[in-house]
Amino acid sequence: MSKKKKKTEIHNAVFFLSSIIALVVGISFVGWAEKYSIVWRYSMFLNAPNEMVVGSLIVVSSTMIPVYKWIEKQVVTWKGNNPEIGMYVMLFLLGFPLLMCATQIGIIINGALDESQTQTFHTVVVSKRESHGVRGGMHYYIRVEDWYDLHQTVQVKVSHSNYETIQIGDSLDIKTKSGYLGYEWMIGPDLMKGKWPFDLPDN
């Protein structure tokens with residue numbers, strides 16, 4: 001094996017290892033960010049408002065440009081007539097996990113640094129739905145009346161046990177804070193462990 005080919009294989013191995021590490025870190029941040037769940041009244045991607053996603057994309061892109069230039073100078077080992085495809089695949093494998101990390105860090109900053117006063121809003125459950133998660137398993141959501149606009153609704157992600165307990169028409173008191181970055185978020189423990197981020201009113 002030539003030194004040049006060996007060097008290329010080492011570069012590729014390091015790149016893929018970095019992609020795996022970034023993905024693991026990104027998934028960990030997703031779990032952490034669930035403690036600061038942003039109120040779902042915006043258009044969202046990766047549980048983050050689109051404005052936050054765009055900002056994260058700009059940050060990640062500025063990071064990936066020098067990475068792209070570095071890869072471009074390397075001998076990319078890829079079978080077929082289009083070795084540049086391998087380069088684009090490698091960029092995606094690293095770029096998407098980095099985007100995931102950046103968006104979730106934004107959510108965490110919005111909640112963890114928030115020193116605003118807690119507010120409590122009375123609302124009503126209007127619908128429920130289930131969906132298959134990207135990482136496998138089922139996700140459970142309820143929709144409640146938006147406490148700022150009764151003609152709109154807010155989506156809330158809940159655990160399976162809470163999904164089965166709460167019924168359409170139930171009244172709920174939801175506690176929120178305004179958010180360090182201006183995105184309102186719900187106060188509560190990990191929603192996926194069967195604990196509500198809101199309190200059931202006393203009957």
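**Strand pairing, cores and a buried asparagine**

His132 has Met138, in E4, as its bridge partner. The structure is a predicted model, in which local features need pLDDT of at least 70 and side-chain atom pairs count only at pLDDT 80 or more, while totals for chains, interfaces and linings use all residues. Residues are numbered from 1 along each chain as its sequence is written, and side-chain values use heavy atoms, with hydrogens and water left out.

E3 and E4 run antiparallel and are joined by 7 bridges. E4 is also joined to E5, again antiparallel, by 6 bridges; here Tyr141 stands opposite Lys157 in E5. Strands are DSSP runs of E with at least two residues, helices are runs of H or I with at least four, and both are numbered from the N terminus. Two strands pair if DSSP finds at least two bridges between them.

The largest nonpolar core has 15 residues, and Ile142, Val144, Trp147 and Val156 have the most contacts inside it. Two or more of its residues come from each of strands E3 (119-132), E4 (138-145), E5 (153-158) and E6 (171-177). Another core, of 13 residues, lies apart from it and includes Phe29, Ala33, Tyr36 and Met52. Such a core is a set of buried Ala, Val, Leu, Ile, Met, Phe, Trp, Tyr and Cys residues joined through side-chain atoms within 4.5 Å. Buried means under 20% relative accessible area, exposed over 50%, and partly exposed in between (1.4 Å probe, protein chains only).

Asn162 lies in helix H4 (residues 160-165). Asn162 counts as buried because its relative accessibility is 5%. Its side chain makes a polar contact with the side chain of Ser159 at 3.0 Å. A polar contact is a pair of N or O atoms within 3.5 Å; within protein, one must be able to donate a hydrogen and the other to accept it, and residues adjacent in sequence count only if both atoms are side-chain atoms.
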